[in-house]
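Visitor: Hi! Could you walk me through this structure, a bit at a time?
Guide: Happy to. Here it is.

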Amino acid sequence: MTSEVLHPSLDPASNRLCVIDCDIHPKDSIDDIKPYLAQRWIDYLATYGTRARHGFQSGFMYPKSQPQAARRDSWPPDGGLPASNLKFMQDQLLDFYDIEYGVLNFLSPTGQGVQNSDLSVAMAYACNEAHRDRWTGPDKRLKASIVVPYEDGAASAKEIARLAGMPDYAQVQLLSRMSELAGKKRYWPIYEAASELGLPVGIHVFGYSGWASTNGGWASFYIEEMAEHCTSCQALLTSLIVEGVFEQFPKLKVVLIEAGFAWLPALGYRLDKHWKKLRGEVPHLKRAPSEYIRDHVYVTTQPMEETEKPEHLLQIMDWVGWDKILFATDYPHWDFDDPRYAFPTTLTPERRRQVLSENARKLYGFA
Amino acid sequence: MARRVVARAGEIEPGARKLVEVAGRAIVLFNIGGEFFALANRCPHKNGELCKGRITGLVSSPEPGVYDYTHQGEVIRCPWHGWEFHIRTGKSWCDPRTMNARAYDVKVEKGAMLVEGPYVAETFPVRVEDEYLVIEV
Ligand code: FES
């Protein structure tokens, strides 16, 4: 049996996979970021720890179905946590799939959403520094998202300005669960800095906002949390549009990461319908809401909805825009997508190339 | 199609599994309470390696609040997205019509039989007094 039969090449012309992965989750430990933390904060962490906006001290909001929410084959042989070891990540992901570039999103520890706002600022700084040593320096394929202490808009803008222009950083990283809806003015300094400095803002699902995971309260099951991202991201995107963020910052590009996208057309239809009658309430919107989505919003693929009929998925992708869809694996997480098998076989080679690499190359300005 | 000797029966304990390579194919052998089964190592969903999954049972429920736990030790969950496959048949629980792991028939044969028959054992010697797992590929 030949390898072509087992693993179809995605780019027949060059015989390379040509993949840019827009959602990789490397794992740092507190020890990894310590070299860039002042002794005051090292002592503070040892004495008081971090405090997120929720009612429990540690652990996940919902148990994750697999340890560390990771593929069971992603635990490195050295005994560390999944994606904590660059060499193993190279073997299992970057070299294995011949990935040209990988965009790194960091979930913890980052200081994002930490209640002590000075600590949040210090941790974000320390992470961003450590990420050059640990990831983007040793492997030039890797590009980090800039961790910002998002509840403090001014400090976030400073951190963005400090790092913008360095080739190590691809975008600004927010989480979907912040203390207020993403369109609120407290976050505008982030959008201003990012759009002025030419960096997209990636909003990755999850985070600890302190709010219930649904707008009807706390759900009972992990499967509800997983499905809930599409409703909470509808709320945050609606907020970005209706508050006028895209009017105020016309160069802003937002990437919704890991939120799916089959809900986007429905949200667009609904908002447009209401806007025709309620436009006077939000006169700062100059265009139909769906036009802001189409012009400013990118989505990553994993974990995209799996429609029963493949052509339905293609129709949805068509609405979202073939230039707005970015491939992502979500490595090392258990819902990982393999670039060879993620898309319907009926996707044309040209569109496949757009989604797998060209859109990301353009958006992030990768060579 | 050739009948191939793929392992010595005694090397896979009940509840254990073993990954073997047979004629270029990766196949996982399972021992469920002394019975042997074989599945292709490729998950039919998106190609996760089944041998790295967790062996578990099947939880089902006739109504909310009531559950049964059956098929203990007979279900393998893919290490990636967690699809559940019945080790005895390769059938998936959620979509048994279309999503099934390739299953192979496993026969346990005495070494004495194999020494004479038209069998292929590529990587290890066959001894008359042992038992061996044979599959047709
Ligand atoms: S690859 Fe096995 S469940 Fe997806």
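Visitor: Which residue forms a salt bridge with A:Asp31?
Guide: That is A:Lys34, and the closest N and O atoms of the pair are 3.1 Å apart. A salt bridge here is a side-chain nitrogen of Lys or Arg within 4 Å of a carboxyl oxygen of Asp or Glu. In general, side chains of opposite charge can pair when their charged atoms come close.

Visitor: Before I go on, what am I looking at, and how is it numbered?
Guide: This is a predicted model, in which local features need pLDDT of at least 70 and side-chain atom pairs count only at pLDDT 80 or more, while totals for chains, interfaces and linings use all residues. Residues are numbered from 1 along each chain as its sequence is written, chains are lettered from A and ligands numbered from 1 in the order in which they are written, and side-chain values use heavy atoms, with hydrogens and water left out.

Visitor: Back to that pair: is A:Asp31 buried or exposed?
Guide: A:Asp31 counts as exposed because its relative accessibility is 54%. The cut-offs are under 20% relative accessible area for buried, over 50% for exposed, and partly exposed in between (1.4 Å probe, protein chains only).

Visitor: How many salt bridges are there over all chains?
Guide: The structure holds 32. One of them joins A:Arg177 to A:Glu228, with the closest N and O atoms 2.8 Å apart. This pair links distant parts of the chain: A:Arg177 sits in the loop between E4 and H7 of chain A, and A:Glu228 in helix H8, 51 residues apart. Both A:Arg177 and A:Glu228 are buried. Helices (H or I, at least four residues) and strands (E, at least two) are DSSP runs, numbered from the N terminus.

Visitor: What about chain B, which residue does B:Arg3 pair with?
Guide: B:Arg3 forms a salt bridge with B:Glu109, and their closest N and O atoms are 3.2 Å apart. The two are 106 residues apart, B:Arg3 being in strand E1 (residues 3-8) and B:Glu109 in strand E9 (residues 106-110) of chain B. B:Arg3 is partly exposed because its relative accessible area is 24%, whereas B:Glu109 counts as buried at 14%.

Visitor: Where is A:Glu159, then?
Guide: A:Glu159 lies in helix H6 (residues 153-163) of chain A. At 8% relative accessibility, A:Glu159 counts as buried. Beyond its neighbours within four places in sequence, A:Glu159 is in contact (heavy atoms within 4.5 Å) with A:Ala124, A:Tyr125, A:Asn128, A:Ile146 and A:Val147.

Visitor: And A:Lys158, buried or exposed?
Guide: A:Lys158 is also found in helix H6 of chain A, but A:Lys158 counts as exposed, at 67% relative accessibility. From A:Lys158 to A:Val148 it is ten residues in sequence and 9.2 Å in space, C-alpha to C-alpha.

Visitor: New topic: which residues of helix H7 of chain A are buried?
Guide: In H7 (residues 188-196) they are A:Trp188, A:Ile190, A:Tyr191, A:Ala193, A:Ala194 and A:Ser195. These buried residues pack against H6, strand E4 (169-175), strand E5 (201-204), helix H8 (222-242) and helix H9 (245-248) of chain A.

Visitor: What follows H7 of chain A?
Guide: A:Gly198 follows H7, and the phi of A:Gly198 is positive, near 75°.
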